[in-house]
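Student: I have a protein model open and would like to learn how its labels are decided. Could we go through some of them together?

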Amino acid sequence: MTKPLVSIIVPHYQTPELAKLCLRSIRKFTDGIPYEVIVVDNASRDGASLDYLRSVEWIRLIERRGELAPASAAHREAVEVGIEAARAPFLLTVHTDTVPVRQDWLQYHLQPLLDDDRIAAIGTDKLNLRPRYQEVLRMIEDWATWWKRWRPVRMVNRQPYIRSHCALYRRSILEKHNIRYNDNPTLTAGQGVHQVLVRLGYECRLLHPRDVIQRVVHLEHATALLVPDFHPTLRKMLLERGLRRIHRFLDRPEIKQILADESLDRCETPMKSAA
């Protein structure tokens, strides 16, 4: 068996349709790089999730059981579990709502780390499907409410950092400094690791979202929108708008084709390149 160059770690909780699309897209659009996929399930109770994940022949599935920490903490813990089980020198964290859409997606992220051993991590800050006009409106809103952004916690959280929806790390550096993914429970997933690496003098390279989104789509907040446990206080208008955005993506013909291709779950299926 070829030793993987990249370990792809996928935390999961009760979104079997997203898991199916994420895993089948990885299988379809990853070629030429030895990799393994480790799915860490956070005690899904819906039945369909584990039924599907257990049927995928080429992943390593780790099933966490019992009562776990709340959502964000459970996610960080799952990443840490995946890192401990990983065998590769490079570690890629993705979400189940992260969808590769082009054959060079993994090479695009990996090549800079292969070329420059001073880079400890690579990825993007927020990556979403908002059209340009919505980004402009968000900038105007931020400017108009500038006084809200000057609170210390706001200033920290608005600093760009490599987010866990598609973050690639050099394992040797994490191990050298004993950096653990769940060491900063008050920060969001990936934020603590980014801050520690920068403080130690390593480069954490932020890729431009416009370049990444051509290769990887992130259905922002899809798990929170699709799992009722995650949005008990979410306003109905925001919930409906978010669900429409997700379903529009899932209704694309090329996405439907991937979801319908059960052969991508089997070991004997060769890894396919984009047409």
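Tutor: Gladly! A disulfide is a pair of cysteine sulfur atoms within 2.5 Å. Keep in mind that this is a predicted model. Searching the whole structure with that cut-off finds zero disulfides.

Student: How do you know that C166 is in no disulfide?

Tutor: The nearest cysteine sulfur, that of C22, is 9.6 Å away, and a disulfide needs the two sulfur atoms within 2.5 Å.

Student: Why is C166 called buried?

Tutor: Buried means under 20% relative accessible area. C166 has 1% relative accessibility, so C166 counts as buried. C204, at 12%, therefore counts as buried too.

Student: What makes Q14 buried, and what makes N178 exposed?

Tutor: Use the cut-offs: under 20% is buried, over 50% is exposed. Q14 is at 17%, so Q14 is buried. N178 has a relative accessible area of 56%, so N178 is exposed. Q14 sits in the loop between β1 and α1, and N178 in the loop between α7 and α8. Neither is a glycine, yet Q14 has a positive phi of about 55° and N178 has a positive phi of about 55°.

Student: How do you know that the span of helix α3 agrees with what it should be?

Tutor: Helix α3 has 15 residues, which at 1.5 Å a residue should span 21 Å; its end C-alpha atoms are 21 Å apart, so the values agree.

Student: Which elements do the buried residues of α3 pack against?

Tutor: They pack against β1, β2, β3, β4 and α7. Among the buried residues are A73, H75, V79 and I83.

Definitions and conventions: Residues numbered from 1 in each chain as written. Predicted model: local features only at pLDDT ≥ 70, side-chain atom pairs only at ≥ 80, totals over all residues. Heavy atoms only, no water. Helix = DSSP H or I, 4+ residues; strand = E, 2+ residues; numbered from the N terminus. Expected span 1.5 Å × (residues − 1). Buried < 20%, exposed > 50% of the residue type's maximum accessible area, 1.4 Å probe, protein only. Contact = heavy atoms within 4.5 Å.
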